[in-house]
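Q: Could you walk me through how to read a predicted model, one feature at a time?

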Number of protein chains: 2
Amino acid sequence: MAKQAVSGSRPVRGSRTGRPIMALLDLLGRRWCLRILWELRDEPLTSRALRTACDEASPTVLQTRLSELREAEFVELGEGGGYGLTPLGRELCETFMPLHRFAERWRSSPSPGLRGEGRGEGEPPRRR
Amino acid sequence: MAKQAVSGSRPVRGSRTGRPIMALLDLLGRRWCLRILWELRDEPLTSRALRTACDEASPTVLQTRLSELREAEFVELGEGGGYGLTPLGRELCETFMPLHRFAERWRSSPSPGLRGEGRGEGEPPRRR
DNA sequence: GCGTTGTGCTACAGTAAATGTAGCAAGGAG
DNA sequence: CTCCTTGCTACATTTACTGTAGCACAACGC
């Protein structure tokens, strides 16, 4: 049962500015949100398969995100169980598909951090 | 932040799977991250201008995100102050541009929630 | 010199959110 | 019936974010 959803409790940061892009960025910027959409990009998954795919994220936050995504009509719960993308959600997913290729190139770029290496502190730490 | 001695970041959830897309999705899925990139899409902003643009987000998390984004080489701090996108960051931002048009259409779609309306059985349970 | 303003950046208490473990009711298959 | 899987939730712990205040440094005006 979609019990809580966002009903009033969370105004979606940025939506007060009136720009829907802000509401969207805020929604997508919540933890596991992008990941969930990404994992559903190919085929529907059951809640537990999704949990497994999402690196065993806690079911609490997964359910919360799924409620929010269902409310936004990006994700839906199928007849016989299993979460899948709505046409709208599939469209959204297409939007950041190029991210995949970008990520590959990003990895090969000389970015030192984010892969276990500390920023060597060899660069000017402050520009002052 | 004590896992790696890196200035502001941690090992990036999902990077252990070895897939760079996961690291990227995790990084972008942190609060205000997408928003920061979005606000810098046109021109560099000073830290305070960025803070204003980001709906007065707390400087703590803003600095943290900026450190992470700088480490990922999406953002850089210019000579005379002011944060701007790197070529890599600009490229990433281009990826998200279609999101703008999508958001507009999303708003006009019959999605009831995210603008104050619950899904029907709205009931604020309020844990804690 | 001095004070003022504007950078980037940090401390810290308070609060909101995520984690991790456990468990529920409902539905099928055996 | 039991066994198993579905979606989903409770709750204590841990982590992340908020909000306010303030720092050091630099460039301006006086």
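**Reading the folds and contacts**

Q: Which residues of α1(A) meet α6(B)?

A: From α1(A) come P20(A), I21(A) and L24(A), and they meet L99(B), H100(B), A103(B), E104(B), W106(B) and R107(B) of α6(B). By class, this contact of α1(A) with α6(B) has six nonpolar residues, one polar and two charged. Contact here means C-beta atoms, placed from the backbone, within 7 Å of each other. For the classes, Ala, Val, Leu, Ile, Met, Phe, Trp, Tyr, Cys and Pro are nonpolar, Asp, Glu, Lys and Arg charged, and the others, Gly among them, polar. Keep in mind that this is a predicted model, where local features need pLDDT of at least 70 and side-chain atom pairs count only at pLDDT 80 or more, while totals for chains, interfaces and linings use all residues. Residues are numbered from 1 along each chain as its sequence is written, and chains are lettered from A and ligands numbered from 1 in the order in which they are written.

Q: How do I describe the way two helices pack, and at what angle do α1 of chain A and α6 of chain B cross?

A: Two packed helices are described by the angle between their axes and the distance between the axes. Here, α1 (residues 20-28) of chain A and α6 (residues 98-108) of chain B cross at roughly 105°, and their axes come within 8 Å. The axes are lines fitted to C-alpha atoms, for helices over the stretch in contact, with angles from 0 to 180 degrees between N-to-C directions. α1(A) and α6(B) are therefore roughly perpendicular (65 to 115 degrees; under 35 is roughly parallel, over 145 roughly antiparallel and the rest oblique).

Q: What about α6 of chain A and α1 of chain B?

A: Helix α6 (residues 98-108) of chain A packs against helix α1 (residues 20-28) of chain B at an angle of about 100°, with the axes 8 Å apart. So α6(A) and α1(B) are roughly perpendicular too. P20(B), I21(B) and L24(B) of α1(B) meet L99(A), H100(A), A103(A), E104(A), W106(A) and R107(A) of α6(A). The contact of α6(A) with α1(B) divides into six nonpolar, one polar and two charged residues.

Q: Zooming out, how many helices and strands does chain A have?

A: Chain A has six helices and two strands, in the order α-α-α-α-β-β-α-α from the N terminus. These are DSSP runs numbered from the N terminus: helices are H or I with at least four residues, strands E with at least two. Chain A has 128 residues, and 37% of them count as buried (20 or more other C-beta atoms within 10 Å of a residue's own; 12 or fewer is exposed, in between partly exposed; C-beta atoms are placed from the backbone).

Q: How do I read a nonpolar core, and which members touch the most others?

A: In soluble globular proteins, nonpolar side chains tend to be buried together. The largest nonpolar core in this model has 54 residues, and L24(A), C33(A), I36(A), L37(A), C33(B), I36(B) and L37(B) touch the most other members. Such a core is a set of buried Ala, Val, Leu, Ile, Met, Phe, Trp, Tyr and Cys residues joined through C-beta atoms within 7 Å.

Q: What does C33(A) contact beyond its neighbours within four places in sequence?

A: It's in contact with L27(A), L28(A), R65(A), L69(A) and G29(B). C33(A) sits in helix α2 (residues 33-39) of chain A, and C33(A) is buried because it has 23 C-beta neighbours inside 10 Å. I36(A), with neighbours within four places left aside, contacts L50(A), C54(A), R65(A) and L69(A).

Q: Over in chain B, is C54(B) buried or exposed?

A: Buried, with 21 C-beta neighbours inside 10 Å. C54(B) is in the loop between α3 and α4 of chain B. Leaving aside neighbours within four places in sequence, C54(B) contacts W32(B), R35(B), I36(B), E39(B) and L62(B).

Q: How should I read a positive phi, and what is the phi of W32(A)?

A: Most residues other than glycine have a negative phi. W32(A) has a positive phi near 75°; W32(A) lies in the loop between α1 and α2 of chain A and is buried, with 24 C-beta neighbours inside 10 Å. D55(A), not a glycine either, has a positive phi of about 60°. D55(A) is in the loop between α3 and α4 of chain A and is partly exposed, with 15 C-beta neighbours inside 10 Å.

Q: Last one: which residues come nearest to DNA strand C?

A: S58(A), T46(B), S47(B), P59(B) and G81(B), out of 21 residues around DNA strand C (near means a C-beta atom, placed from the backbone, within 6 Å of the strand). The elements giving two or more residues to this surface are α4 (59-71) of chain A and, from chain B, α3 (47-53) and α4 (59-71). Seven of the residues near DNA strand C are nonpolar, nine polar and five charged.

Conventions:
Two residues are in contact if their C-beta atoms, placed from the backbone, lie within 7 Å.
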